[in-house]
Amino acid sequence: MDPSTLAVTLGRGAENPGDPVNAPVTFTSTYRAGGDVTYARDDNPSWHPFEEILGGLEGGTAVAFASGLAAASAVIETLPAGAVVVAPADAYNGTRRLLADLESRKRLRVNLIDMRGWEETEEACEDADLLWVESPSNPLLSIFDVDGLVQLGHQCGALVAVDNTFATPLRQRPLDFGADVVVHSATKLLAGHSDVVMGAAVAVQDDMIDALRTRRSLHGGVPGPMEAFLAARGLRTLAVRLERAETTAVELEVRLADHSAVEVVRYPGFGSMVSFDVEGGAKAADRVCEQVQVIVPATSLGGVETTIERRSKWALETHLPPGLLRLSVGLEHVEDLWDDLARAL
Ligand code: PLP
């Protein structure tokens, strides 16, 4: 079935006459003794609809986490002490902060590289235990050869993890290329309404799935039942939201590229994210964020509302062009968004 159909049909729970069409939300911390599950840090039926839908879309088994970084941490925690992680230098800054923290405490060795350079990547991979890929990257929207990187990582004996937050399984399925694990910030497009912080990791191999569930249980990065319900509800409409946001993003990219106050526009050819550099650097970019009225000046992305942010204001993002604005395109009408942007520019 088409992913848009899978997103609607999966994760419904029991389907007997009289059953609710949506799986109930289970608010419990414990279960009556004698059953398979004893405690809600190990499992909660409220996670299952979200996990079934996302797993179906990615082509694997999804494990829900309290946030995208909780999912990333669980993947990284499967590594032994002293393991080497190779990751892109322009990965999401939270992932880089996590890796830097682990390296500073000698838990891991981390090699941040420019993954656009194949030779540099090949060299770095030689002693890698984990190759971390993020494509498109946040916020430069660089595209990497996921297929090639999976092959390279496996030739070196490394696990390959792909952060698929920006592409979503509707535009890229890294498990099809043999990636060992896919990571999501479900906070973004999957949940899609800026009202949930949640994450997931998706894998095919039983040992990886078990390791992720064990990490979730031991470290306690479990999502709340309400969050899991909201994220599953968001997934139901992902296909239409993404399609609409993408159509608008393509049009805004073309118009921005033509605008005299814009120096560079980055758009990977799909998805709802556009980043562009404003002439006049940080000051001019900040003015744009102050002037918009329809678009919301805010961090995060993937919601129904369009958000804008100058990324170089963050500590780990000072390598970015000072006037780079990251635009997460939402579901407002394209002409209202363009009027807002053009006036602000
Ligand atoms: N990966 C990417 C690409 C992100 O943009 C983010 C958050 O912005 C994360 C992971 C972390 O997700 P969360 O904020 O849900 O922990």
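A pocket is taken here as an open set of grid points with protein on both sides within 12 Å along at least five of seven lines. In this predicted model, the second largest pocket comes out at a volume of about 170 Å³. Fourteen residues line it, and N22, F229, A232, R233 and R236 are the ones closest to its centre. Sorted by class, the lining of the second largest pocket has eight nonpolar, three polar and three charged residues.

The largest pocket holds about 510 Å³ of space, and that is where the ligand sits. Its lining runs to 29 residues, with Y92, N93, N138, S185 and K188 nearest the centre. At least two lining residues come from each of α3 (68-77), α4 (93-104), β4 (130-134) and β6 (181-185).

Now to the ligand itself. Around it are S67, G68, L69, Y92, N138, D163, T165, S185, T187, K188 and M198, a shell made up of three nonpolar, six polar and two charged residues. Oxygen atoms of the ligand turn up in several polar pairings: one is 2.9 Å from a polar backbone atom of G68, while a polar side-chain atom of S185 lies 2.8 Å from a ligand oxygen. For K188, an N or O atom in the side chain is 3.0 Å from an oxygen atom of the ligand. On its own the ligand has 380 Å² of accessible area, and the protein covers 90% of that.

Terms used
Residues numbered from 1 in each chain as written. Predicted model: local features only at pLDDT ≥ 70, side-chain atom pairs only at ≥ 80, totals over all residues. Heavy atoms only, no water. Near = heavy atom within 4 Å. Polar contact = N/O pair within 3.5 Å; in protein donor to acceptor, adjacent residues only side chain to side chain. Areas by Shrake-Rupley, 256 points an atom, 1.4 Å probe, with all protein chains shown as cover. 1 Å grid on protein atoms, 1.4 Å probe; cavity = no way out; pocket = protein on both sides within 12 Å on 5 of 7 lines; lining within 4 Å. Sits in = over half its atoms within 2 Å of the grid points. Nonpolar A, V, L, I, M, F, W, Y, C, P; charged D, E, K, R; others polar. Points joined across faces, edges and corners; volume = space filled by probe spheres on them. Helix = DSSP H or I, 4+ residues; strand = E, 2+ residues; numbered from the N terminus.
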